[in-house]
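Me: I would like to go through a structure with you, starting with the ligand site and then turning to helix packing and backbone geometry. Could you take my questions one at a time?

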Amino acid sequence: MKSIRMVDLQSQYLKLKKEIDDAMQEVILSSAFINGPSVKKFAENLADYAGTAHVVPCGNGTDALQVSLMALDLKPGDEVIVPDFTFIATVEVVAFMGLTPVVTDVDPDTFMMRPDEIEKAVTSRTRAIIPVHLYGQCAPMEDILTIAKKHNLFVIEDSAQALGSDYLFSDGTRKKAGTLGHTGCISFFPSKSLGAYGDGGAIFTNDAVLAVKLRSIVNHGTRKKYFHERVGINSRLDTLQAAILDVKLQHLDEFNLARQQAADFYNHAFMSLPYLKIPKQVPWSTHIFHQYTLITRGINRDELIKYLKDKGIPAMIYYPQPMHRQKAFAHFSFAGQDFPVSDMLCKSVLSLPMHPELTEDQLHWITKHISEYPKR
Ligand SMILES: *Cc1c(COP(=O)(O)O)cnc(C)c1O
């Protein structure tokens, strides 16, 4: 059996080697390394895939979030509501922009933002909400969009972990994660559902005026070369990365299906184990399983991780520390507040290997050893 990894980018590359090598060769021979034709082509294909009017490629998912905030022309002291249990980037960009992050506790079953907590956090200074579609399924967007409309707030979706996931509206309509808010922020970090061979990101929007602004901001505040209408940044998707991503995009649904099948295998094996709680699948979203994350109960998580490591099974904690306990945010008022659910999650979550290349014998090996843990 091949050694088990959290993410197996090598096996994926070997499956697509010819297509990817050809795409890379073409870029290298053309030498159009910056803003080459593959960037435009990939952005168009991604817009078709996601069903969004505009895709603005950029340097990474964190920039996608930052540029979204830059485009909203917010003022220092304006408040942005974010979840406590997320990757740092969601909250970091708000702080970096001189805005005030207002952190809210999350749902113990879905790990995501709770509409009632958001509603409680709204003040006269609130300008935006950044829901995170954590681990690959969508936050409760219908309620979030209703709150946003009521209070006239922007919604920036942090869709870094959920590219390909569908939101299912109560009236039966489906939309891709990242296409529901004013902007949707995508990351092509190598381990994400659509991963580059380096950094990459994109911003989705259905608003044509906003799209023009976003494109200007990622390109030094420019519309016409050497004429700068605002202070922007330099955030580009490399042509090489775009060419690689365009190949992989054709396989994204296949990859996500393989992740779902691996998750089904795990769920089936762990369903009745008292020391693990399988991930809840919400009725309003499909799940692309960027991560397969369990909650451990009544056992010592570190001992389980060590036991797994001895069996050649990697496991990770996403995330070990909530936003309100990060030293970087110690000066914000939320640092002194209580977020019992996210504290509980940080102490009990455990993510298992999850990627489209997991083989049946690897899944058997992992589930067998986890089921036998009490007999160790
Ligand atoms: C990966 C990730 C990001 C940032 O993406 P980068 O491309 O690494 O900058 C932001 N938010 C969440 C929730 C992520 O998982």
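This is a predicted model: local features need pLDDT of at least 70, side-chain atom pairs count only at pLDDT 80 or more; totals for chains, interfaces and linings use all residues.

Me: How many residues surround the ligand, and which are the closest?

Reply: The ligand is surrounded by 13 residues. The closest are Gly61, Thr62, Gln161, Ser187 and Lys192.

Me: What distance separates Ser187 from an oxygen atom of the ligand?

Reply: An N or O atom in the side chain of Ser187 is 2.7 Å from an oxygen atom of the ligand. Lys192 also places a polar side-chain atom 3.1 Å from an oxygen atom of the ligand.

Me: And which residue has a polar side-chain atom 2.8 Å from a nitrogen atom of the ligand?

Reply: That residue is Asp158, through a polar atom of its side chain.

Me: Turning to the helices, at what angle do H3 and H4 pack?

Reply: Helix H3 packs against helix H4, residues 89-96, at about 40 degrees, and their axes are 9 Å apart. Because of that angle, H3 is oblique to H4. The crossing is right-handed.

Me: Which residues make that contact?

Reply: H3 contributes Thr62, Leu65, Gln66 and Leu69, while H4 contributes Ala89, Thr90, Glu92, Val93, Val94 and Phe96. By class, six of the residues in the contact of H3 with H4 are nonpolar, three are polar and one is charged. Thr62 of H3, part of this contact, is also one of the closest residues to the ligand.

Me: What about H3 and H7: what are the angle and the distance between their axes?

Reply: H3, residues 61-71, and H7, residues 208-218, pack at about 120 degrees, with 9 Å between their axes. H3 is therefore oblique to H7. Their crossing is right-handed.

Me: Which side chains are involved there, and how do they divide by class?

Reply: On H3 the contact is made by Val67, Ser68, Met70 and Ala71, and on H7 by Leu210, Lys213, Leu214, Ile217 and Val218. The contact of H3 with H7 has seven nonpolar residues, one polar residue and one charged residue.

Me: Moving to H2 and H8, is their crossing left-handed or right-handed?

Reply: The crossing of H2 and H8 is left-handed. The axes of H2, residues 37-50, and H8, residues 239-249, come within 8 Å and cross at roughly 35 degrees.

Me: Which residues meet there?

Reply: From H2 they are Ser38, Val39, Lys41, Phe42, Asn45, Leu46 and Tyr49. From H8 they are Thr239, Ala242, Ala243, Leu245, Asp246 and Leu249. The contact of H2 with H8 comprises eight nonpolar, three polar and two charged residues.

Me: Now the backbone. Is the peptide bond from Tyr318 to Tyr319 cis or trans?

Reply: The bond from Tyr318 to Tyr319 is cis, with omega near 15 degrees. Tyr319 belongs to the loop between helix H10, 301-310, and helix H11, 340-348.

Me: What is the phi value of Asp73, and where is that residue found?

Reply: Phi of Asp73 is near 50 degrees, a positive value in a residue other than glycine. Asp73 is found in the loop between H3 and strand S2, 79-83.

Terms used: Residues are numbered from 1 along each chain as its sequence is written. Side-chain values use heavy atoms; hydrogens and water are left out. Axes are lines fitted to C-alpha atoms, for helices over the stretch in contact, and angles run from 0 to 180 degrees between N-to-C directions. Helices (H or I, at least four residues) and strands (E, at least two) are DSSP runs, numbered from the N terminus. Angles under 35 degrees count as roughly parallel, over 145 as roughly antiparallel, 65 to 115 as roughly perpendicular and the rest as oblique. A crossing is left-handed if the near helix is turned anticlockwise from the far one by less than a right angle, and right-handed if clockwise. Contact means heavy atoms within 4.5 Å. Ala, Val, Leu, Ile, Met, Phe, Trp, Tyr, Cys and Pro count as nonpolar, Asp, Glu, Lys and Arg as charged, and the others, Gly among them, as polar. A residue is near a molecule or strand if one of its heavy atoms lies within 4 Å of it. A polar contact is a pair of N or O atoms within 3.5 Å; within protein, one must be able to donate a hydrogen and the other to accept it, and residues adjacent in sequence count only if both atoms are side-chain atoms.
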